[in-house]
Amino acid sequence: MRFRFCGDLDCPDWVLAEISTLAKISSVKMKLLCAQVLKDLLGEGIDYDKVAKLTADAKFESGDIKASVAVLSFILSSAAKHDVDGESLSSELQQLGLPKEHVTGLCKSYEDKHSALQDKLRETSLRLGRLNSVSWRVDYTLSSSDLREVNEPLIQLKLQTQGAEPGSSETTVVSVSADKFRVLLAELKQAQAMMNALQ
Amino acid sequence: TGVVIDSDHKPEQVFCFSSVVEEFGHIALESLRRGSSPKIYESAAKKLFVPMEMVQHGVEGLVFLLMESSKHMISEVNFLDCVLVLGFSEEVNRFLLKLYQEHQGQIRTIMKQLICSQPTYQNLEWRLDVQLASRLLRQQIVPTVVTRLFLTSGTDSSSRVLQTDPRTLLHIIYTLEAALAAVKTSHTRRILRNIK
């Protein structure tokens, strides 16, 4: 059976298995667990003590706790990834055997955080390096060892980039003559116009 | 065959008290999962009123026992035989057996990770970009798939950036699917059956 929240593929076996684990806690506790998982997905960190308390009544072992966090994480992030609306998610989860009250709580939390989740996923998508900042300086060269009177402006550009490897940063310093800089600026403005046309 | 425990690895007499053994068992498991530090030994030594070296030797002995037993997957009977040699009480022996049985799978998984020498697949991230224009040519449509392949070998991790066009990507998918199909052939199945 194809599920939209799984990207029009079959639901993975482990998800099916852990949905029955989720059904063991009350729907109220599950909604609170969802809130914790959403916090984790949005980069705000997860409070494992709270999670342990929520699952204590159902006597979850550490394996069960990890499994329920994992399955909720998967459902919520995969639904956001494939841009599934709350109603479709609700019907698909019920088809997989998650009780109605649990589904209602989950989908309400999902709909509330739907666009925040997608923003976060967009932010963490693969990027091969990033420009962090640009600083510049205009100098005026008066003279050099090759020529007594140079009298030319010179621009120094400092580019701070985040490298392709995560966690590496690089600083590049370039000096550009006035003519070359005019060409660079014109080309970049053309690129900017093209980007604006796409927005 | 059982596990031979030489004098270097005999846990100390402090193992006479079962509550102590529990503490040692906990430290030994954590040490296997995350490594140990002098601080952990020191705080345990303070709690039990024994010198730190005794704690360290006890934990190291216990870790050795658990690792060797898990490595050879020895049976309950053989494990009890080995532990009998150390001369602990019935209660301690039973606790050690329980510790071994409950964590054997975990310990084997940890040990598997230690021997890995070839980089193995960990994760693949990808993005689909379309080049619309460049400095030299406007009005283009060039789809590109950029991927980052994450690899680990033991505790080191590395990543490689790879780029491909849709046609090559289809070819990669086709080749990998053929590799998967090879696992299902009768020839492969015959061999796998015989290994089990």
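This is a predicted model: local features need pLDDT of at least 70, side-chain atom pairs count only at pLDDT 80 or more; totals for chains, interfaces and linings use all residues.
Mentor: On a 1 Å grid over the protein atoms alone, a pocket is an open set of points where a 1.4 Å probe fits, with protein on both sides within 12 Å along at least five of seven lines. Grid points are joined across faces, edges and corners, and a volume is the space filled by probe spheres set on the points.

Mentor: Residues are numbered from 1 along each chain as its sequence is written, chains are lettered from A and ligands numbered from 1 in the order in which they are written, and side-chain values use heavy atoms, without hydrogens and water.

Trainee: What makes a residue part of the lining of the second largest pocket?

Mentor: A lining residue has an atom within 4 Å of a point. Of the 14 residues that line this pocket, the closest to its centre are Leu124(B), Trp126(B), Thr147(B), Leu169(B) and Ile173(B).

Trainee: How many residues of this lining are nonpolar, polar or charged?

Mentor: The lining has 11 nonpolar, 3 polar and no charged residues. Ala, Val, Leu, Ile, Met, Phe, Trp, Tyr, Cys and Pro count as nonpolar, Asp, Glu, Lys and Arg as charged, and the others, Gly among them, as polar.

Trainee: What is the volume of the largest pocket, and which residues are closest to its centre?

Mentor: The largest pocket has a volume of about 830 Å³. Among its 18 lining residues, the closest to the centre are Lys81(A), Leu121(A), Arg122(A), Ser125(A) and Trp126(B). By class, this lining has 7 nonpolar, 6 polar and 5 charged residues.

Trainee: Why is the pair of Arg122(A) and Asp119(A) called a salt bridge?

Mentor: The term requires a side-chain nitrogen of Lys or Arg within 4 Å of a carboxyl oxygen of Asp or Glu. The closest N and O atoms of Arg122(A) and Asp119(A) are 3.2 Å apart, so the pair qualifies. Because they are 3 residues apart in helix H6 of chain A, about one helical turn separates them.

Trainee: How do you know that Glu187(A) and Arg135(B) form a salt bridge?

Mentor: Their closest N and O atoms are 3.5 Å apart, therefore the pair passes the rule. Across the interface of chain A and chain B the rule finds 2 salt bridges.

Notes. Helices (H or I, at least four residues) and strands (E, at least two) are DSSP runs, numbered from the N terminus.
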